Amino acid sequence: MSGLIRRDIDLLEQNSGLPRESLKGLLTHLFSPDAEDDRQYLYKKARDTAAKTFKNKVYLRGLIEFTNYCRNNCYYCGIRAGNKEASRYRLTQEQILDCCREGYALGLHTFVLQGGEDPGCSAQHIASLVSAIKETFPDCALTLSVGEHSHEDYVLWHNAGADRFLLRHETADEGHYRRLHPESLSLAHRMKCLYDLKSIGYQTGAGFMVGSPGQTIDTLLKDLAFLKELQPEMIGIGPFIPHKDTPFANEPAGTLIQTLVLLSIVRLMHPKVLLPSTTALSTIVENGRELGILAGANVVMPNLSPGSVRKKYMLYNNKRSDGSEAAQHIDELDARFRAIGYEIDFSRGDAPGL
């Protein structure tokens, strides 16, 4: 079995692609408890593939969670509109700029402005935030992660200076999408937004949760096929973790093994993609970020949000935002990565070729 499995891994590494049934068999095997040797083979192939483009560099993005208001009611999300237990906040422009100043002093050259789809933040307000950040830090890249909006709004923000946009598709399967979202939202619109972002010229990020309720190998195959079609510059993958005040409070979390396997598979299928090792991964296991890097990831996003609000941006239970997750502890982060043979890169870290 291992010989056939490693042949298929080698084919992915050579960017040859695999028939659907072969990829399904590969995932099924690699998810099994007794496949550790083959998983280690996969992780090494993924590391080697990443190294061809990125060497041993790990790019940093300073994360600013500027609002936890959201108009949507996604069943998995702790800041969903229906969560009456959430303590809501919205940072001012000056607070956001203070976060950027602190990050810039630490050496960061990419900021990620992330928030819910806040009905109190107009498109023009977000454009003003983007302009202010880019005018103050012209040598830095700015990423937005603020959800689904109109083509016109995306153009407005791109013209204001936004370089990148993160919008995880969460699932490419219609039935699975309906399991995760209320009727007011649609997979077709989510995908339209992603194609709009690509056409406008953003470095675009998609991605999905691993282990979300109703997810199967077949739904994962649709995710991988969609990513192959979209060809995003960034792909975000992290484990599903339940939140106590959502309809999925009692659902099991996604596993470390499945998340690492999928990170490696995505790296082999997208050799030059920017691939984060997520906060969610370090939430389910202490050294999760390091394990993600060793599975082929090459981006981390330390938290720059004010300490007073970090615990309020609680997308899932026990979300980490302190210690080595905080931008103020970059030295600790650097030491942890050096211990596994990697080093932090403080550049903008644009997608290769841009």
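Predicted model: local features only at pLDDT ≥ 70, side-chain atom pairs only at ≥ 80, totals over all residues.
Which residue in E9 does Tyr-59 stand opposite?

Residues are numbered from 1 along each chain as its sequence is written, and side-chain values use heavy atoms, with hydrogens and water left out.

Back to Tyr-59: facing it in E9 is Asp-345. Strands here are DSSP runs of at least two residues, and helices are runs of at least four, numbered from the N terminus. Strand E1, residues 57-60, runs parallel to E9, with 3 bridges between them; two strands pair if DSSP finds at least two bridges. The open sheet has 3 strands in the order E8-E1-E9. E8 (299-300) and E9 (343-345) are at its edges with a single partner strand each, so one side of each has no neighbour in the sheet.

Now let's move to strand E4, residues 141-145. Of its 5 residues, 5 are buried, so E4 is largely enclosed by the rest of the structure; buried means under 20% relative accessible area, with a 1.4 Å probe and protein chains only. E3, helix H5 (residues 123-136) and E4 form a right-handed β-α-β unit: with the strands pointing away from the viewer, the path from the first strand over the helix to the second runs clockwise. E3 and E4 are parallel, joined by 5 bridges, and Val-112 has Thr-143 as its bridge partner in E4. Thr-143 also stands opposite Arg-164 in E5.

Conventions. Buried < 20%, exposed > 50% of the residue type's maximum accessible area, 1.4 Å probe, protein only.
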